[in-house]
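This briefing is meant for a reader who is meeting the structure for the first time. Please keep the sequence and the model in view while going through the points below.

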Amino acid sequence: VNRLILPRDWTRVRSYAKRVRKWALEEDVLIDELVVDHISFGRGVEYIFPKLQHMDVHAQSVSTIHLQTLFLCPTLESVTIHNADPTTKLSSSMSTFLLTLADIASGSLRHLDVHWAAKAPVLMDQFTDGLRDLFSHPLEQLTSVALRTPGCINAKGFRALAALPALTKLQLNLCQVSNIYNYTKPLDNATIFPSLRDLSLLGEPGTLTRVLSFLGLSPRIVSLAFGVQHYPQSRDLALLFEAIAAKCLSVATLQLRVIEMDEAEFAAANSHYWDTPEMYHHNLAVLSSLLSLKHLVGLHLEFGVPVQLNDFDLETLARAWPSMKALNLCSSPMCGRPMPGRTPLPTSPSLEGLFSLTRLCPQLEHVGLCLEDIQASVDIVPLIPSIPIISPKLSLLNVGWTKAGPSPANVAALLCVAFPNLSSFQWADMSMGDVMSRHLMSGDLSEGWKQVAELCPLLRAVRANERARIAKGTGEDMVVD
């Protein structure tokens with residue numbers, strides 16, 4: 001806009017404004033306050049975009065917040081708010097935006113996603129008060145809230161959030177909450193979060209356990225995800241899992257991960273893992289309370305180290321969760337990395353244990369396990385024609401720090417017979433990419449599994465051709481390109 005806004009400009013805007021459903025302002029766009037004043041004075045009593053449904057708000061200046069406040073309307077269904085480095089003035093302006101949002105769109109708002117002050121250690125009171133006032137309105141259609149920034153909700157705001165009648169999905173960052181009791185103590189745990197089904201929390205293990213204990217029996221919750229800042233102790237994990245088993249009987253998917261750590265935290269975690277195994281090694285005893293969750297079909301423990309299990313432990317898990325579809329107990333490692341002079345941990349499952357697991361859980365599609373050296377199992381490669389298909393559904397295998405051994409081709413041949421639909425590998429010292437296409441780091445571990453990943457598509461095609469010819473009863477020689 002490089003001149004005054006005239007009535008004919010508004011006539012032109014109104015001709016297409018009713019077709020606008022989504023507003024998104026680019027991050028580097030700056031709006032002069034004078035332009036905002038012209039728009040505010042000239043719009044009249046009508047809404048600028050009367051059928052707007054989605055807003056992606058980048059609050060990089062006071063004037064852009066004022067402009068986007070003018071765009072709010074009663075049809076708005078979702079709002080996403082971004083600002084990584086707010087000032088006091090921006091927080092005050094955003095508080096006004098939130099109050100206006102509550103007044104205008106409380107009857108239609110369904111989704112709210114907040115990325116506010118991601119790099120700021122302490123949020124301004126105006127913003128947290130604005131969220132509190134927003135949640136205090138009768139938001140009867142609000143089903144999804146994601147507050148991704150530490151400290152962006154205070155105790156009063158949390159209590160208002162807990163009372164929302166239609167809220168089914170909540171993502172909440174509690175990393176800077178020093179005393180969760182102040183948030184939960186005044187509430188009746190029989191009435192809070194009455195419709196919640198999907199809960200994602202970031203914070204210390206003790207904080208997460210307290211929130212779960214406070215929820216009361218929550219049969220509606222089917223998905224739980226937790227993030228912790230530091231590598232957790234076994235005792236803390238056991239208490240958290242006990243709370244899950246006691247309160248969330250119908251949970252189907254459970255994920256726990258360690259959020260990003262810097263180099264010093266990485267070194268400390270690795271030291272704890274090796275020097276105090278009685279405190280930091282996680283085994284079947286830590287997981288035992290979860291065995292009562294009969295509806296569990298997805299378990300992802302992504303805190304960077306393999307869970308210490310043997311073949312018998314795997315069978316115990318498989319018999320408790322026969323409908324399991326995804327079992328990831330070996331995420332991208334940040335601790336437990338093989339170290340010079342360290343004795344390998346003795347409780348890694350074998351390839352036979354993996355076969356037993358997939359037999360007992362026929363729906364498994366994704367498995368993550370750090371296996372012991374599988375060369376002994378690969379020695380049976382001459383018997384491959386007699387090996388039956390173990391699991392026709394397994395498509396993704398994460399082997400962590402497992403060594404492929406000196407014969408990657410034999411490993412690939414064995415896996416392709418046992419798992420004919422296996423199409424994707426993950427392993428340590430690799431970065432994610434397209435299926436079967438990885439950017440590899442240096443090291444024998446990566447090189448071995450790289451060969452396995454490259455050979456699998458060819459061997460999988462050969463085995464499929466073999467099975468097809470056997471089914472047709474033909475003995476013709478096969479030609480493979």
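In which loop does Trp401 lie? Trp401 lies in the loop between β13 (396-398) and α16 (408-418), and this placement, like everything that follows, is read from a predicted model.

**The chain as a whole**

- The chain holds 17 helices and 16 strands, and of its 481 residues, 50% count as buried.
- Among the contacts between residues at least 6 apart in sequence, 80% join residues that are at least 24 apart.

**The nonpolar core**

- In soluble globular proteins, nonpolar side chains tend to be buried together.
- The largest nonpolar core of this model has 139 residues, and within that core Phe97, Phe135 and Ile244 touch the most other members.
- When residues up to four places away in sequence are not counted, Phe135 touches Leu112, Leu142, Val145, Leu147, Ile153, Gly157, Ala160, Leu161 and Leu164.

**Helices α2 and α3**

- The axes of helix α2 (residues 33-42) and helix α3 (residues 62-70) come within 9 Å and cross at roughly 15 degrees; because angles under 35 degrees count as roughly parallel, α2 is roughly parallel to α3.
- The crossing of α2 and α3 is left-handed.
- On the α2 side, Glu33, Val36, Ile39 and Ser40 take part in the contact, and they meet Val62, Ser63, His66, Leu67 and Leu70 in α3.
- The residues of this contact between α2 and α3 divide by class into five nonpolar, three polar and one charged.

**Helices α8 and α9**

- Helix α8 (residues 205-215) packs with helix α9 (residues 234-247) at an angle of about 15 degrees, and their axes are 9 Å apart, which means that α8 is roughly parallel to α9.
- The crossing of α8 and α9 is left-handed.
- From α8 the contact involves Pro205, Leu208, Thr209, Leu212 and Ser213, which meet Asp236, Leu239, Leu240, Ala243, Ile244 and Lys247 in α9.
- Sorted by class, the contact of α8 with α9 has seven nonpolar, two polar and two charged residues.
- Ile244, one of the α9 residues in this contact, is also one of the core residues that touch the most other members of the largest nonpolar core.

**Leu201 in strand β7**

- Leu201 has its place in strand β7 (residues 198-202), and Leu201 is buried because its relative accessible area is 1%, whereas the cut-off for buried is under 20%.
- Leaving out residues up to four places away in sequence, Leu201 touches Leu172, Leu174, Leu208, Val211, Ala225, Phe226 and Gly227; among them, Leu208 also belongs to the α8 side of the contact with α9.
- Leu201 and Leu256 are 55 residues apart along the chain, and their C-alpha atoms are separated by 9.6 Å.

**Asn328 in strand β11**

- Asn328 is found in strand β11 (residues 326-328), and with a relative accessibility of 5% this residue counts as buried.
- Apart from its neighbours within four places in sequence, Asn328 is in contact with Leu299, His300, Leu301, Glu302, His366, Gly368 and Asn398.

**Back to Trp401**

- Trp401, in the loop between β13 and α16, counts as buried at 16% relative accessibility.
- Trp401 and Trp427 are 26 residues apart in sequence, and from C-alpha to C-alpha they are 6.6 Å apart in space.

Definitions and conventions: Residues are numbered from 1 along each chain as its sequence is written. This is a predicted model: local features need pLDDT of at least 70, side-chain atom pairs count only at pLDDT 80 or more; totals for chains, interfaces and linings use all residues. Side-chain values use heavy atoms; hydrogens and water are left out. Axes are lines fitted to C-alpha atoms, for helices over the stretch in contact, and angles run from 0 to 180 degrees between N-to-C directions. Helices (H or I, at least four residues) and strands (E, at least two) are DSSP runs, numbered from the N terminus. Angles under 35 degrees count as roughly parallel, over 145 as roughly antiparallel, 65 to 115 as roughly perpendicular and the rest as oblique. A crossing is left-handed if the near helix is turned anticlockwise from the far one by less than a right angle, and right-handed if clockwise. Contact means heavy atoms within 4.5 Å. Ala, Val, Leu, Ile, Met, Phe, Trp, Tyr, Cys and Pro count as nonpolar, Asp, Glu, Lys and Arg as charged, and the others, Gly among them, as polar. A nonpolar core is a set of buried Ala, Val, Leu, Ile, Met, Phe, Trp, Tyr and Cys residues joined through side-chain atoms within 4.5 Å. Buried means under 20% relative accessible area, exposed over 50%, partly exposed in between (1.4 Å probe, protein chains only).
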